[in-house]
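Q: I have just opened this one and would like to go through a few of its features with you. Could we take them one at a time?

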Amino acid sequence: MLFRRNFSINLIISCLLLFSVHEAEGFFRFRGRKYKGDENKRSPIVFVPGDGGSQVDATLDKPEVVHYICQKHTKDFFNIWLNLELLVPLVIDCWIDNVKLYYDNVTRTTRNSPGVVTRIPGWGDSETVEWLDPSHASAGAYFKDIGNAFASVGYVRNVSIRGAPFDFRKAPNENTQWFVDLKALIEETYTINDNQAITIIAHSMGGPMSLVFLQQQTRAWKDKYIARLVTLAGAWAGSAKAVKVFAIGDDLGSFALSGKTMRAEQITSPSLAWLMPSPLFWKPDEILVQTQTRAYTFSQLEEFFNDLQYPTGWDMMQDTKKYVMNFSPPDVEVHAIYGTNISTVEKLYYRKSKGLDGTPELINGDGDGTVNLRSLQACTQWRDLQKPKIYTMELPGVDHMAILSDSRVIKYIMDLLLK
């Protein structure tokens, strides 16, 4: 759950953006700003979520459970992510057993726990990426503020505001159908919106997922169907935080959760391995983990996983390597918006330990609190490699999740699409 740290009872608080929006004589206002234009000529939006940014439903018919309080059977699908009722002591053990994946090193793919069937609801709809909690609890807000802003100036949900959720536990190699479906969704959205090219708005891991998708399309297709790609906190080159999650887990920013407990589920996601630091942006001899007796550099990550007694992590990295190593430009206009000047883990230092036990000190650098600055800025390398322009907007002090509701971000996107 590398990029799910703020999806917690304590840290996810819905930031209700106050709009000054009204329609008058063909003009629209957002926070006092006027927008004019033919509504039929506006670029429609497709939201591409990041890690933890899609609803997940499940049904259970389990042969056994980890605790007597765990449910073995359900008649219907129920929301399993984000369901805060499942993240409480004891019950969380049931949740972990239901959500974690099992890796098959022969097929090089993952599967759910026995008796668990999952689905990603709401394909094409914006609802399931605007709200991760179907009840619209404030802790489950995601693309909600951006969606509300555009709806207030005439955009229509599920017509000109669409969503492309996916199983964020898995990496591109296990999400191949999503790329096929996304292409069809974009073509459909183009058609029902008077043949207007699409603006993809992606958050976090949605950035590299969108990149993989665009790399698969022809230049002619992109020229016709894609107006631009807007990324918020794009994790282009992964993050050192993935190393930390593999080592000690992550408590999602909640004092009520244990990183050690959550790790049992978190490390089974191939997407976490895909989001390890990229060798294109981290040097081979760069130290990622330090103990009293040795250092683990980027080139020694296989030893790191072996010493963690989790070689599966290394296997999953190899499965996704081709996607990491292909950092060719998307050949579309890119607007990358990201936060800076927030302490972001760069290295683990086991100051009091000779091995990978205990709790390491986190050595921090610059970033948005989740993604390192070098990864957030990686897309600037495309400026000399493609004709469409690359634009960036840095927001000092805006963290990885807050960027979704920052008024400056929403204004920037609305100006871009409605100018």
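Q: Is cysteine 379 buried or exposed?
A: This is a predicted model, and in it cysteine 379 has a relative accessibility of 0%, so it counts as buried.

Q: Ok, and how many disulfides does a search of the whole structure find?
A: The search turns up 1 disulfide, and the residues that it joins are cysteine 70 and cysteine 94, with an S to S distance of 2.0 Å.

Q: Where in the chain do cysteine 70 and cysteine 94 sit?
A: Cysteine 70 is in the loop between strand E5 (56-60) and E6, while cysteine 94 belongs to helix H1, so the pair, 24 residues apart, links distant parts of the chain.

Q: Is that pair, cysteine 70 and cysteine 94, left-handed or right-handed, and why?
A: The disulfide is left-handed, because the torsion about the S-S bond of cysteine 70 and cysteine 94 is about -80°.

Q: Are those two buried or exposed?
A: Cysteine 70 is buried, at a relative accessible area of 9%, and cysteine 94 is buried with a relative accessible area of 9% as well.

Q: Switching to the surface, which residues form a nonpolar patch there?
A: The patch is formed by Tyr68, Ile69 and Leu90, which together have about 360 Å² of accessible area.

Q: Where does leucine 90 lie, then?
A: Leucine 90 is found in the loop that runs between strand E6 (78-81) and helix H1 (91-99).

Q: And why does leucine 90 count as partly exposed?
A: Its relative accessibility is 46%, and partly exposed covers the range between buried, under 20%, and exposed, over 50%.

Definitions and conventions. Residues numbered from 1 in each chain as written. Predicted model: local features only at pLDDT ≥ 70, side-chain atom pairs only at ≥ 80, totals over all residues. Heavy atoms only, no water. Patch = residues over 30% accessible without salt bridge, like charges linked within 9 Å, V, L, I, M, F, W, Y side chains within 5 Å. Areas by Shrake-Rupley, 256 points an atom, 1.4 Å probe, with all protein chains shown as cover. Salt bridge = Lys/Arg side-chain N within 4 Å of Asp/Glu carboxyl O. Helix = DSSP H or I, 4+ residues; strand = E, 2+ residues; numbered from the N terminus. Buried < 20%, exposed > 50% of the residue type's maximum accessible area, 1.4 Å probe, protein only. Disulfide = S-S within 2.5 Å.
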